[in-house]
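Look at the structure below and keep the sequence beside it.

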Amino acid sequence: MFARSAFRAAQPLRTCVRHYATESAPKSGSSMLLPVAGAAAVAGAGYYYFAGGEGAVAKGTQAAGAAVKPAFTGGDQGFVSLKLAEVETVNHNTKRFRFELPESDHVSGLHIASAILTKFKGPNDEKATLRPYTPISDEGQQGFLDLLVKKYPDGPMSTHLHNMVPGQRLDFKGPLPKYAWSENKHEHIGLIAGGTGITPMYQLLRTIFNNPKEKTKVTLVFGNVTEDDILLKKELAELENTYPQRFRAFYVLDKAPKGWTGNSGFITKDLLKTVLPESKNENIKLFVCGPPGLMKAISGNKVSPKDQGELSGALKDLGYSKEQVYKF
Ligand SMILES: Cc1cc2nc3c(=O)[nH]c(=O)nc-3n(C[C@H](O)[C@H](O)[C@H](O)COP(=O)(O)OP(=O)(O)OC[C@H]3O[C@@H](n4cnc5c(N)ncnc54)[C@H](O)[C@@H]3O)c2cc1C
């Protein structure tokens, strides 16, 4: 059964979202699920197809069971130079970047959830800048990977990326494995994200909802400064409409506009208590990703990429154990 509160007591908090769990899930051939893929998706070639408005995803995804050629193999592979193919401006500080993999039938080789390391050294730089990013394209996507990157005014890598134009190249190395997801690994997961912390959560969401064998239920709590900062809003809304019995999202804005029907201020313990699966549920997992302030308040920061550190903050106060929480 889906957690107690996430789909009942939480309802008043969640007026900004259109559909509730009382509605039946759409049939698999719903027009929203198949905007372009049509018969191909039904036949199985669209196993990884996602209703995110990205028509290209359906065409180039790897059929289930087919042999894959990974672009990133880890070990001593070193850095691989990828050509920037497309750039899309998403909002006032965020762009989406599509990088071509070396071969058109390559997949990235990043298993969910994983990140990838970028490297850039400007002509006047003493040292190279290295920063990790989380591709938002599917694990089975052939030919390219997509990054969603927010620009920080004095941030060397995000500024470099935002200045790049199609045709230029960037060095990548990976994968950087994070939390290894497998089919139905957990009964119910809670995702608590701030800003670009949505990217690993989106990887999980796509993997779960692209797989017809998945039964995992997902609750997302997504905090942002303004409404314009909410990344992947359309994609998240489509998922909610398609899977109302298994996916719910709660949006929290620091600076809510007039008429905002979601939550405002910071992500509070009260909200988390109401919407997340209860700690006593056996097979749950909570994932947290966001700026240091959010991490500190919700779960405590990681000590290092390999050390999750102790659990503290709101999740500890709510009775969750360290084992029930993963900090990206
Ligand atoms: C595993 C992992 C995956 C990541 N995935 C993504 C992703 O998909 N998209 C994305 O945009 N970023 C992602 N990041 C953050 C990214 O690696 C860089 O830290 C970020 O782009 C800033 O790099 P920079 O060189 O431009 O600026 P930096 O010099 O690193 O930082 C510039 C300023 O911004 C602050 N800052 C940096 N990151 C954050 C943050 N997340 N929240 C608040 N303040 C911050 C710094 O404290 C500094 O003041 C990820 C980070 C990790 C660890």
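A residue is buried if 20 or more other C-beta atoms lie within 10 Å of its own, exposed if 12 or fewer do, and partly exposed in between, with C-beta atoms placed from the backbone. The model is predicted: local features need pLDDT of at least 70 and side-chain atom pairs count only at pLDDT 80 or more, while totals for chains, interfaces and linings use all residues. Residues are numbered from 1 along each chain as its sequence is written.

Start with strand β11, residues 247-253, where 7 of 7 residues are buried. Helices (H or I, at least four residues) and strands (E, at least two) are DSSP runs, numbered from the N terminus. In a regular strand the side chains alternate between the two faces of the sheet. From β11, Phe247, Ala249, Tyr251 and Leu253 point one way, Arg248, Phe250 and Val252 point the other way, and all are buried.

Two strands pair if DSSP finds at least two bridges between them. β11 runs parallel to β10, joined to it by 7 bridges, and Phe247 in β11 stands opposite Val218. β10 (residues 217-224) also pairs in the parallel sense with β9 (residues 188-194), over 7 bridges; here Thr219 in β10 stands opposite Gly190. These strands belong to an open sheet of 6 strands with parallel pairing, in the order β12-β11-β10-β9-β13-β14. β12 (263-264) and β14 (325-327) are at the edges with a single partner strand each, so one side of each has no neighbour in the sheet.

Next comes the largest nonpolar core. A nonpolar core is a set of buried Ala, Val, Leu, Ile, Met, Phe, Trp, Tyr and Cys residues joined through C-beta atoms within 7 Å. The largest one has 71 residues, of which Met201 and Val221 touch the most other members. Helix α4 (residues 198-209) gives the most to this core, 7 residues. Beyond its neighbours within four places in sequence, Val221 is in contact (C-beta atoms, placed from the backbone, within 7 Å) with residues including Ile192, Phe250 and Val252.

Where does the ligand lie? Domain 1 (69-177) and domain 2 (188-327) both give residues to the shell around the ligand, so it lies between them. The domain bounds come from an automatic or database domain assignment. The ligand is surrounded by 19 residues, the closest being Gly155, Met157, Ser158, Thr199 and Pro291; a residue counts as near a molecule if its C-beta atom, placed from the backbone, lies within 6 Å of it.

Definitions and conventions:
Contact = placed C-beta atoms within 7 Å.
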